[in-house]
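Have a go at each task before you read its solution.

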Amino acid sequence: MSGDFSGLDLALVVEARKAMANAYAPYSRFAVGAAVELDNGTVVRGCNLENASYGLALCAEATALATVNAHGGFARVRRIAIAGGPMDADPGAPSAVVTPCGRCRQMIREARDVGAAEIRIICAGAHGETMRVYGIDDLLPDAFGPSNLSQGTA
């Protein structure tokens, strides 16, 4: 494992990998799972959900964050783990780290701004110990956010 990781980070990655098992990805055959941890330790999982009309697909991070929001916890997000990879991959082969797409990065940024607390983003592959940790400003510098909609802000 590379980087500065805690046992809690690895446990959250395990939850994201469990969510991968529920991915509906018959077109890309690329399963992604996400696990969102709230400030009270509650973990909410999500997985990708594809559609024959490709533009209607939902990412794992989006499904997890929408579920968190539906239960009133959007401002309480503190960590999110993302794991994914090809559904038919050999579990013994190296597994590349998966990071959030641009849309999901924007959603994580929104949760960070609404909650006024940094969100630790742990990215991993479908298996193996390689992980990377980011803050949202690392993944989405100079992002559009709530302050851009306010009158009188630069």
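**Exercise 1.** Work out whether Tyr27 is buried, partly exposed or exposed.

Solution. Tyr27 has a relative accessible area of 39%. Buried means under 20%, exposed over 50%, and partly exposed in between (1.4 Å probe, protein chains only). So Tyr27 counts as partly exposed.

A word on the ground rules: this is a predicted model, where local features need pLDDT of at least 70, side-chain atom pairs need 80 or more, and totals for chains, interfaces and linings use all residues. Numbering runs from 1 along each chain as its sequence is written, and side-chain values use heavy atoms, without hydrogens and water.

**Exercise 2.** Find the structure's one aromatic pair and describe its geometry.

Solution. Rings of Phe, Tyr and Trp (its six-membered ring) pair if their centres lie within 6.5 Å; planes under 30 degrees apart are stacked, over 60 edge-to-face, the rest tilted. Tyr27 and Tyr54 pair up at 6.0 Å centre to centre, with 70 degrees between the planes, so they are edge-to-face. Now look at where they sit: Tyr27 is in the loop between helix H1 (7–20) and strand S1 (30–38), and Tyr54 is in the loop between S2 and H2, 27 residues apart. Helices (H or I, at least four residues) and strands (E, at least two) are DSSP runs, numbered from the N terminus.
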